[in-house]
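User: I've got a model open and would like to talk it through. Can you take my questions one at a time?

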Amino acid sequence: MTEITFEYWNKLADQIIMISSLLGGFTIAVIANLLVSEVNTRLFKNIMIVSTLTASFFLISVFAWTNILMMTTIGYPSKVIESDLLLPRIVGAISFFLGIISLITIISLAGWTKSKKMGKYTTAVGIFTLILILIMLT
């Protein structure tokens, strides 16, 4: 098995930080809109819960991958070995994937606020999106 270089981890971390930041910001905007909404149904409460989880997962991902980015950047003040990246990699990857799954859940639930037909459509799109993302990441 080939060892992944610090340069590769650095570039990967940079990309995941950007993606997580954008998706986390989008989710925080959803939360802000839900907070000012007058609707108080169970579905909206569930969307609010999932949105909060999504933003939290992406925020954790940003900080975990920022840790990796700093440790793999030339000039980092401490000596870094491969095993130093293990915990932030695990935490960053898990939180990133949970954030994606949670975001897809929000997309899937959103249509149910309008109608059953729209709910079925957005759920189908969400499932299709998850399948394609999983295929692309393997």
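What follows is a short exchange about this predicted model.

User: What share of the contacts with a separation of 6 or more comes from residues 24 or more positions apart?

Analyst: For background, the chain has 138 residues, and 30% of them count as buried. Taking the contacts in the chain with a separation of 6 or more, the part from residues 24 or more positions apart is 72%.

User: Now helix H1. How far apart are its end C-alpha atoms, and what span should its residues give?

Analyst: H1 runs over residues 6–36. With 31 residues at 1.5 Å a residue, H1 should span 45 Å, so the model's end-to-end distance can be checked against that. The two agree, as the end C-alpha atoms are 44 Å apart.

User: Which helices do the buried residues of H1 pack against?

Analyst: The buried set in H1 includes Trp9, Asn10, Ala13, Gly24 and Leu34. Ile16, Ser20 and Thr27 are also buried, and these three take part in the contact with H3 as well. The packing partners of the buried residues are H2 (42–71) and H3.

User: At what angle do H1 and H3 pack, and how far apart are their axes?

Analyst: Two packed helices are described by the angle between their axes and the distance between the axes. Here H1 is paired with H3, which covers residues 86–110, and their crossing is left-handed. The angle is about 35 degrees and the axes are 11 Å apart.

User: How do the residues of that contact divide into nonpolar, polar and charged?

Analyst: On the H1 side, the contact residues include Trp9, Ile19, Leu23 and Phe26. H3 brings Arg89, Phe96, Leu103 and Ile106. The residues of the contact divide into eight nonpolar, two polar and one charged.

User: Over to Thr122 in H4. Is Thr122 buried or exposed?

Analyst: Thr122 is in helix H4, residues 116–136. Beyond neighbours within four places in sequence, Thr122 is in contact with Ile107, Ser108, Gly111 and Trp112. The cut-off for buried is under 20% relative accessible area. Because its relative accessibility is 13%, Thr122 counts as buried.

Technical notes: Residues are numbered from 1 along each chain as its sequence is written. This is a predicted model: local features need pLDDT of at least 70, side-chain atom pairs count only at pLDDT 80 or more; totals for chains, interfaces and linings use all residues. Side-chain values use heavy atoms; hydrogens and water are left out. Axes are lines fitted to C-alpha atoms, for helices over the stretch in contact, and angles run from 0 to 180 degrees between N-to-C directions. Helices (H or I, at least four residues) and strands (E, at least two) are DSSP runs, numbered from the N terminus. A crossing is left-handed if the near helix is turned anticlockwise from the far one by less than a right angle, and right-handed if clockwise. Contact means heavy atoms within 4.5 Å. Ala, Val, Leu, Ile, Met, Phe, Trp, Tyr, Cys and Pro count as nonpolar, Asp, Glu, Lys and Arg as charged, and the others, Gly among them, as polar. The expected span of a helix is 1.5 Å times one less than its number of residues. Buried means under 20% relative accessible area, exposed over 50%, partly exposed in between (1.4 Å probe, protein chains only).
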